[in-house]
Amino acid sequence: MAHTYEKSRELFARAERCVAGGVNSGIRKLEKPVPLYFERGRGCRLWDADGNESIDFQNGQGALLFGHAPEGLAEAIGAQARLGTHWAAQSQLEIEVAERLQAMIPCAELTRFNNSATEAVNSVFRLVRAHTGRPMILKFEGHYHGWGDEGLVGFGATEDRWGSEENPSNAHPSQGIIPEVPGHFAVVQWNDPEHLRRRVKEFAGRIAAIVFEPVLCNTCCIEPVEGMLKTIRELCDEHGIVMIADETITGFRFGPAGAQGYFGVDADIMIYGKAVGGGVPFAGFSGRRRFFEKILNGQVVHAGTLNSNPLCLAASKWCLDKILHCGNSHPSELNRIGCSMMEGLRLLADRHGIPLRPQGPGLVFHTVMLKAGAAEGPVLNHRDYVRRHDATRFAHLRQCLLEEGVRAIERGLWFVGFEHREADIQEALQRVDVAFSRHAEASH
Ligand SMILES: Cc1ncc(COP(=O)(O)O)c(C=O)c1O
């Protein structure tokens, strides 16, 4: 029986009378037929207010490597809560977490914590500008670095505002920002090393940092082409530019050293969030000691009432220990789970005649719904994605999936976690089969 959502509809109507727009993060409104209200989760499964059970591939937008309510995490947080929830001061826990990061991430000589990756991005942009004395940040089209004025430049603009292929615009998707902000960004297309070289030359001497998602997960799921990350490293070394890997999604998911370890490249500063806290508001940045000089001497302000909050630190220590405990099996085990789901989706899509093309490394992947007549082959960058992905058709498929008890991210991204066992994947694929036949029927 397909899920129905009377109770969620009721709660959403009630929320709209007190919570602006009924949700507390804009993208949650995308959930169709109605933003869902959840009551509990366990492992890879979630139960909503109507009692519907779903196999979850949204996984807290990628934060939950170990699933919902994993054994031990509540105990770690609870034990800390009994000692105190907030000291706005130091604790041994913050050293223990920073030391674990040092052991995992090659560039992590020093670390600072925040409560969200958006804050960590703001902190790092400020730091690199002060460090280099240069005003600009170079970023890639379609890469997302949080919802602050700076992090959103060059993300999510409508096609009429893209600018040319050679000179992508620094368009901003939000009103109300400080008008000068976009002017301090150079935007470059992803996965074109020669184009990147030309753009760096064009802004020579003015670029403080190059920031990137090592695997572009916020627009489709696009791995770097051969030589892409190496070119970023070379250009940073050549021009005295700081290399910032925004590993908010890839960090810890792609192995203890994140995507840097996975692809064999070392950034100067790494930003992380999501999996480092396992679902609590925790994020931070780590890097080579020399880049922290302006924080060390007090010339750059970095602050926050709730920074290194002990509840979040207790959760993070628990998560990092679990990751360390996985040893060499991480990320290969998670990859295997993800690839098994991707393969199942591919086979079922073919069987139902749906032009759905899973792409990504398995640890996270996207299901591209090809527009009629669109070319086959991997999507390579933001423009390619918008031109080939049929977002309207995918939204219908996603609703069918949800109603059959399989929950992916609204725009088509899927996160696996260690709690997705082979039996869960097989059960999810049986549900997908039903969802695909409903979608295929409605599409004819
Ligand atoms: C790559 C990247 N950077 C930054 C952020 C912002 O993280 P937060 O939502 O914790 O502020 C996100 C969030 O999805 C992200 O994916």
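Reader: Which strands does α5 lie across?
Author: In this predicted model, helix α5 lies across β4, β5, β7, β8 (242-246), β9 (269-272) and β10 (283-287). Its direction runs at about 30° to β10.

Reader: What is the strand order of the seven-stranded sheet?
Author: The order is β4-β10-β9-β8-β7-β5-β6. The sheet is open, and its pairing is mixed.

Reader: And which are the edge strands?
Author: They are β4 (110-114) and β6 (185-188), each of which pairs on one side only. On average, neighbouring strands of this sheet are turned by 20° against each other, with direction ignored.

Reader: Are β5 and β7 paired in the parallel or the antiparallel sense?
Author: Strand β5 (residues 136-140) pairs with strand β7 (residues 207-212) in the parallel sense, over three bridges. For L138, the bridge partner in β7 is I210.

Reader: Turning to the ligand, how many residues surround it?
Author: The ligand is surrounded by 15 residues, and the closest are S116, A117, T118, G146 and T248.

Reader: Which helix gives the most to that shell?
Author: Helix α5 (residues 117-132) does, with three residues.

Reader: How does the shell divide into nonpolar, polar and charged residues?
Author: Eight residues of the shell are polar, five are nonpolar and two are charged.

Reader: Now the helix packing. At what angle do α3 and α10 cross?
Author: The axes of helix α3 (residues 73-83) and helix α10 (residues 310-326) cross at roughly 150° and come within 9 Å. Because angles over 145 degrees count as roughly antiparallel, α3 is roughly antiparallel to α10.

Reader: Is that crossing left-handed or right-handed?
Author: The crossing of α3 and α10 is right-handed.

Reader: Which residues make the contact?
Author: Helix α3 contributes L73, A76, I77, Q80 and A81, while α10 contributes P310, L311, A314, A315 and W318. By class, the residues of this contact are nine nonpolar, one polar and no charged.

Reader: One more topic: what is the order of the four-stranded sheet?
Author: This open sheet has the order β1-β2-β3-β13, with mixed pairing. Its edge strands are β1 (38-42) and β13 (406-407), each pairing on one side only.

Reader: How many bridges join β1 to β2?
Author: Four bridges join β1 to strand β2 (residues 45-48), and the two strands run antiparallel. One of the residues involved is F38, whose bridge partner in β2 is D48.

Notes. Residues numbered from 1 in each chain as written. Predicted model: local features only at pLDDT ≥ 70, side-chain atom pairs only at ≥ 80, totals over all residues. Near = placed C-beta within 6 Å. Nonpolar A, V, L, I, M, F, W, Y, C, P; charged D, E, K, R; others polar. Axes fitted to C-alpha atoms, helices over the stretch in contact; angles between N-to-C directions. Parallel < 35°, antiparallel > 145°, perpendicular 65-115°, else oblique. Left-handed = near helix turned anticlockwise from the far one by under 90°. Contact = placed C-beta atoms within 7 Å. Pairing = 2+ DSSP bridges.
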